[in-house]
Every structure is written in C-alpha cells, then in structure tokens.
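Reader: I would like a close look at one helix pair, with the cut-offs spelled out. Please keep the description to the geometry and the contacts.

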Amino acid sequence: MQEHDMSWVRTEMVLAQPAPASVTGLGAWVRKNLIASAGDTILTIVGIALVAMILPQIINWAFINAVWTGPDRTVCATVAQGGIQPDGWTGACWAFVNAKFGQFMLGRYPIEERWRPILVAILFVALLVPMLIPKVPRKGLNAVLLFFVLPIVAFVLLVGGMFGLPHVETSLWGGLLVTLSLSFVGIAVSLPLGIVLALGRRSKMPIIKTLCVVFIETVRGIPLITVLFFASVMLPLFLPEGVSFDKFLRALIGVSLFAAAYMAEVVRGGLQAIPKGQYEGADSLGLGYWQKMYFIVMPQALKLVIPGIVNTFIGMFKDTSLVIIISMFDLLGIVKQNFSDANWATAQTARSGLIFAAFVFWLFCFGMSRYSMYTERRLDTGHKR
Amino acid sequence: MASQEVLREEPSRGSFINDPKIRGIFFQVLVVVLLVAGVWWIAHNVIDNLTRLRIASGFGFLKGRAGFDISESAIAYSSDSTYGRAILVGLINTLIVAIVGIITATIIGFVIGIGRLSQNWLIRKICTVYVEVFRNIPPLLVIFFWYSGVLAVLPAPRDSIGLPFGSFLNQRGFYFPRAVWGDGSWLIFVALLVGIAMAWFVARKARQRQMATGQQFPVFWTSTALIVGLPLLAYALSGFPLSFDYPKQSTFNLTGGFQVRPEFLSLYLALSCYTAAFIAEIVRAGIRGVSAGQTEAAGALGLRSGSILRLVVVPQAMRIVIPPLTSQYLNLTKNSSLAIAIGYPDLTATAGTVLNQTGQAVEGVVIMMVIYLAISLLTSLVMNWFNAKMALVER
C-alpha cells in the first residue's frame with residue numbers, strides 16, 4: 001500500500017449543530033403555521049379579526065357584565081325595562097340559573113324528598129367512576145351492580161311507594177334527572193336489543209331476517225318525534241280499555257326502540273368487518289351459535305365499532321331533549337318552561353338559560369366522545385401495522 | 001336463531017330436536033304465531049277503543065273542513081280548506097326547509113371541513129371549536145337559541161335593523177325586496193332552460209373531443225356565458241319586465257317586500273349550523289382518506305395544485321364522502337320535524353294538529369310515517385344514483 005497524506009480526512013466526528021434559527025422557536029412556528037404564504041397571511045388576518053370581534057364580546061357578556069346572584073328580574077333588566085342595570089347593558093343573567101338550579105336538576109320533585117334523587121346520583125357516580133377506570137379490579141361485580149342492582153334501587157328510591165317512602169309521580173320528575181334516567185335506560189336497553197336485531201338481520205332464517213330488516217329500516221326512516229307521537233298517541237289505543245301506563249315509561253320505550261334500530265346498523269357494520277375465517281374457525285372448534293358469537297365474533301366486532309356505538313349514545317343523549325314535544329320536561333324543557341316565569345322575564349333570561357343547558361349537554365357529550373377515543377386507543381390491539 | 005347451533009350439514013342423529021332445519025322452521029313458526037297473535041290482540045283493542053270513542057276509521061276525514069289556520073303556506077290555503085290540503089301544506093313546508101337547509105349545511109360543512117385540514121393553525125382551531133361545539137349539543141337547543149335567544153330579542157319593527165339591498169331585520173323576521181315579474185317574463189325562464197340545456201350539450205361535446213383528440217375547451221366560461229347571458233338577453237328583449245317591491249317602514253310595521261318569519265329563519269339556521277358540523281367531519285375524513293401518494297404521484301405527473309385537487313383528490317374523496325353525506329341529509333330532513341317546538345307548520349306539526357282535531361290517531365301517524373319513509377327512500381335513491389356515478393370504475 002502506498003503512503004498517502006490523509007490529513008484532509010477528518011479523524012473525529014463534528015459535533016451536532018443546533019438547528020438553524022429559521023426552523024426553531026416561536027418565529028419559525030409562526031412562519032410555518034400562520035404566514036406561510038400570502039393567502040395564508042390573509043386567512044390569519046381574517047381569523048384574528050373574527051376572533052377579536054367575537055371573543056371579547058362573549059367574555060364581556062358571560063363573565064364581566066354578568067349578574068351572578070339576585071332575587072328577581074330587576075338585577076338582569078335595564079332601567080328602561082324596569083330593572084337596575086344602566087341602559088344599553090347586556091350580560092348573562094346567571095342569577096336566573098342560580099335561582100332555578102334545583103328545578104333545572106330535578107324538576108318539580110318535592111323539596112323534602114330531593115335527597116332521594118341526590119342519593120341515586122351519588123350511587124350512580126360511585127359505581128360509574130370505577131367502571132370507567134380500567135385499573136380498578138372486579139369489573140364483573142361492578143357491572144352487575146351498575147346495570148342490574150342500581151336500576152332496581154333507583155326505581156325504588158325515585159318512584160317510592162314502598163318501604164315507607166312516599167310515592168312520587170313521574171309527572172313531577174324533570175330536569176337533568178329525566179335526561180339522565182331516560183338516556184341511562186335507553187343505553188342499557190338499546191345496546192343488547194341492537195345486538196339481537198343485528199344478529200337477526202344477518203340470520204339465515206328468512207322470516208326473522210325480514211322482520212328485523214323491516215323494523216330497522218322503518219324506524220331509521222322516520223323522525224324520533226313521530227316515534228314519540230306513536231308511543232304517546234297510539235300505545236294507549238293498543239291496550240285494552242282501562243289499562244294505561246305511565247307517560248315516562250312510554251317515552252322510555254320510544255327512545256329505546258329508536259336507538260336500538262340505529263345501534264343494530266352500527267353493530268352490523270362490525271359483524272361484516274369480521275373475516276369469514278373467524279366464523280369458520282369457531283365452527284371448526286365445535287362452538288355453538290351463541291358460544292361462537294359470545295366468545296369469538298362479538299368481542300372483535302364490538303371493539304371495531306366503539307366509535308359508532310358511542311356516537312349512537314351521544315345521539316340518544318341529545319335526542320332525549322325531544323320529549324318536550326310530548327310535554328315532559330327534561331333539562332332543556334324545564335329551562336324553556338322557566339322563560340315564562342314573569343318573575344325572571346328579561347331580554348337576557350332565554351339566552352342565559354339556554355347557554356347553561358347547552359353547557360351541561362356539551363359537557364356530557366364531549367366527555368363521552370373523549371372517553372370513547374381513550375377506550376379505542378386502549379383496546380387497539382393487534383390491528384397495528 | 002339457536003337453530004344455527006350446528007352448522008354442519010349432516011343427517012340428524014337420534015332425536016329430530018337436534019336437526020337445525022327443523023329447529024329453524026319451528027322457531028320461525030313460533031315467531032309468526034306470536035306476531036299474528038300480538039297484531040290480532042292489538043287490532044282487537046284498537047277497534048274496541050275506537051268504537052268506544054265513536055271514531056270512524058278510514059281516510060275519509062281528509063276531505064273534511066280543516067278549520068285551523070296555518071301561518072306559512074306556499075300554496076293557497078285557508079281554514080276552509082280540507083284536512084288533506086293542510087297536510088300537503090305541511091309537507092311542502094318540510095321540503096322547503098329541508099332543501100334550503102341541505103344546501104346551506106353542505107356549503108358551511110365543506111368550508112369548515114377543509115378549514116380543519118388547513119395549514120393555518122388559527123383557521124384550524126376556529127373550525128375545530130365550531131365542530132366540537134355544535135356536535136355536542138342537541139339540535140332542539142340550537143333551534144331554541146336562535147328563536148328565543150337571538151331572534152326574539154331583536155328590535156321591534158319600528159327600529160328595524162337596515163341591511164344592504166333594502167332588506168330589514170327585526171323581531172318579526174327578515175324582510176327583503178320581492179321580485180315582481182311583469183308581462184313577458186316567461187321568456188327569461190325559457191332562456192334560462194335553453195341556456196342550461198346548451199351548456200350541458202357543450203360540456204358533453206367538449207368531453208368527447210378531449211377524449212378523442214386531447215384538445216381542451218373552456219367549458220366553464222362558455223357555460224357561464226350561456227346560463228347567465230341568455231336570460232339577460234331575454235330580459236333586455238322582453239323590455240325589462242322585472243321590478244322589485246321594497247319593504248317600506250311605516251309607523252308600527254314594515255309593509256311590502258318578502259317576509260321570512262322567525263320560525264322558519266331559526267329552524268333553517270339551526271339545522272344548517274348543526275348539520276354542517278357533521279358534514280365537516282365527513283369531508284375531513286374523506287379528504288384524509290385519500291392517501292398522500294395520490295397527491296405526490298399527481299404532482300410527479302406535472303399537475304398544478306389546483307388540478308391535483310380537482311382531478312385527483314376530490315373525485316376520490318367524494319367516494320368516501322357520499323354515503324355518510326346521504327345519511328346526514330336524511331337526518332336533516334328528519335330533524336326538520338323539530339319545527340313543531342317553535343310552531344313552524346311542517347308536516348309533523350300540521351299532521352299533529354289534524355290528528356288532535358279529528359282523533360284519527362292511527363291514520364295520522366300512518367300518514368306521517370309513510371310520507372317520511374317516502375322522503376327517506378327518494379333521497380337515498382337519488383344519492384345512490386349519484387354514488388354509482390362517482391364510484392370507482394375498475395378496468
């Protein structure tokens with residue numbers, strides 16, 4: 001080998017240089033995300049103008065100018081309207097929400113009996129929270145308590161009439177109590193019923209298949225209001241003379257059947273996504289139909305359609321607000337009913353009440369959708385590529 | 001269903017109880033018997049109840065005098081009209097709000113959906129907030145918000161808010177100039193139809209020529225010229241027959257012009273805003289569903305970014321978008337039945353009034369169901385046809 005002067009070859013590695021200032025830091029972030037091109041800059045300016053126009057108004061209205069406590073409408077009305085606020089004042093009337101908070105939560109439930117729904121709520125939260133946290137053990141017992149024991153306890157506590165508890169008519173129920181109990185029962189009924197309907201729709205027995213298809217497609221084709229009409233106007237006609245059942249129960253049946261049809265389609269999507277090999281594999285192991293479904297198909301299919309199932313739950317939660325049409329008062333209904341309270345009628349009352357109701361609905365729905373995303377990530381096993 | 005416990009096709013061993021076919025037949029017969037018994041029992045009860053309440057069944061009541069007024073009607077209607085006509089008025093109102101709402105929701109939805117994919121951080125966040133807010137509150141609440149929270153607290157007609165083009169906004173709704181078509185204005189409509197037909201013809205020819213020779217033809221500008229120019233020409237030829245009736249402010253009310261009532265306005269705005277949030281999510285999913293390789297390959301072929309979007313990304317995204325978009329359109333149509341809560345006379349509201357007045361509960365609910373099912377079916381058919389046209393043609 002010939003001797004070469006290798007002095008121009010570097011013998012040690014150069015230290016890593018920091019990234020150039022043009023691609024790091026706030027300035028680069030702004031350049032990349034806000035003013036990447038001329039069009040982008042215009043969009044940013046329009047966006048800033050939009051935010052600058054709307055946001056201060058909202059903050060002003062909801063917090064700075066808002067009235068938080070007060071005995072009656074005078075605190076939320078301008079002088080010209082017979083109140084104490086200066087003319088031209090606009091602000092949220094949280095005093096209205098504050099004064100009516102008990103009603104918004106429980107409706108016209110008798111004041112001295114209100115500990116009962118509150119106790120049910122505490123039990124519900126106490127059972128639901130450990131159910132939702134994956135690390136807490138004894139899920140089976142928890143589920144039995146939540147889905148079988150709690151409804152019975154809740155029924156006894158809320159309706160009363162036994163164990164020395166005075167009877168409370170369901171027509172006195174209202175507010176968030178109605179919203180939550182309708183959606184809880186709706187969820188608990190519609191999921192199993194939806195699964196059965198979906199299996200029926202994929203059944204090889206022609207009559208059962210036809211019945212399921214007709215039911216699902218009919219219910220999906222009509223608005224919930226029509227179903228509620230059906231439940232409130234036609235069910236009494238279907239029963240023998242003298243037999244009648246509670247309006248609350250009728251709404252429950254309507255909402256559950258409606259949600260079940262949508263749930264069936266979601267579950268069917270999951271069933272179709274399971275490869276044929278899984279069914280055949282289960283058959284070759286000698287599993288029966290229900291065993292095959294319970295151990296092999298359903299766990300995979302339901303996992304695939306978690307987002308769809310939760311979307312149906314969210315839809316149902318929002319749809320419970322429609323019971324106002326058959327004159328029951330859920331959260332939205334009771335808020336709206338209170339607009340006509342002469343004691344609180346101001347220009348700001350409707351807006352404040354509705355925004356409060358919207359916030360409560362939003363909190364529940366957003367929570368559900370976020371929890372479903374978390375579950376989806378947690379259960380996402382074996383599908384990663 | 002338990003009949004499928006054994007799927008192996010083999011002769012039954014021992015007792016016939018274990019034969020899947022026999023069990024299948026048995027269970028189906030059982031279901032049919034139960035169903036028939038249930039329907040019979042219900043029918044029996046219904047007949048009993050109806051005779052007790054002295055209600056004649058059948059659809060004869062549709063010819064009776066309605067006796068109630070409807071605040072908004074696209075066709076001639078008075079309280080002397082028949083029940084059938086009242087339901088027809090409701091149906092037309094439902095269709096009007098559904099069609100206008102679908103168009104607006106699609107436009108807002110596409111803008112917000114594309115905004116959520118924007119490179120611009122601020123625009124992306126604004127669109128996300130919009131979607132997350134409207135997706136998570138009930139549509140009925142949005143309707144009430146527009147109705148009692150916004151429109152009801154607008155100034156009285158005396159202090160109407162003036163808007164451009166001679167339109168006004170106040171408690172009683174939105175007023176804008178009404179077009180008055182004079183003599184000979186039919187010519188304009190004929191010209192419009194001719195223009196559309198010619199534009200379609202030109203587009204077809206241009207496409208054929210491009211397929212055959214590769215030469216392009218400015219279809220868009222030609223079509224615009226035809227569709228806009230021909231009616232304008234007809235307008236000029238027939239002696240400018242169009243005039244406007246402007247709303248005028250008098251002491252207590254606005255007179256003249258065309259009034260859009262707050263009931264319609266709040267229903268329309270609420271349904272559009274609410275459904276747009278869902279459409280935005282669908283559009284976003286559709287565009288993200290087209291793999292980045294498609295965009296890059298199109299770029300490698302030398303297409304400009306506008307052409308990439310128009311010729312490569314959008315046609316593929318549409319395939320993902322159309323089926324869920326159809327169900328959103330159906331949802332909007334079904335949600336229009338919430339009109340009853342604020343007193344806009346849609347199908348559910350008028351049919352509900354008829355139902356209460358006549359006591360014909362069974363017939364009323366059946367009419368509602370049949371009409372909504374028909375609307376759903378028609379929309380599905382149209383969208384399926386459109387979907388089939390857009391579907392991937394594999395060679």
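Author: Angles under 35 degrees count as roughly parallel, over 145 as roughly antiparallel, 65 to 115 as roughly perpendicular, and the rest as oblique. Helices (H or I, at least four residues) are DSSP runs numbered from the N terminus. This is a predicted model, in which local features need pLDDT of at least 70, side-chain atom pairs count only at pLDDT 80 or more, and totals for chains, interfaces and linings use all residues. Residues are numbered from 1 along each chain as its sequence is written, and chains are lettered from A and ligands numbered from 1 in the order in which they are written.

In chain B, the axes of helix α9 (residues 305–335) and helix α11 (residues 361–390) come within 10 Å and cross at roughly 165 degrees; axes are lines fitted to C-alpha atoms, for helices over the stretch in contact, with angles from 0 to 180 degrees between N-to-C directions. α9(B) and α11(B) are therefore roughly antiparallel to each other. On the α9(B) side, the residues in contact (C-beta atoms, placed from the backbone, within 7 Å) include Met318(B), Ile322(B), Tyr329(B) and Lys334(B). Among their counterparts in α11(B) are Tyr372(B), Ile375(B), Met383(B) and Met390(B). By class, this contact of α9(B) with α11(B) has ten nonpolar, six polar and two charged residues; Ala, Val, Leu, Ile, Met, Phe, Trp, Tyr, Cys and Pro count as nonpolar, Asp, Glu, Lys and Arg as charged, and the others, Gly among them, as polar.

As for chain A, it has 15 helices and zero strands (E runs of at least two residues). Its C-alpha trace spans about 115 × 80 × 40 Å along the principal axes.

Key
Contact = placed C-beta atoms within 7 Å.
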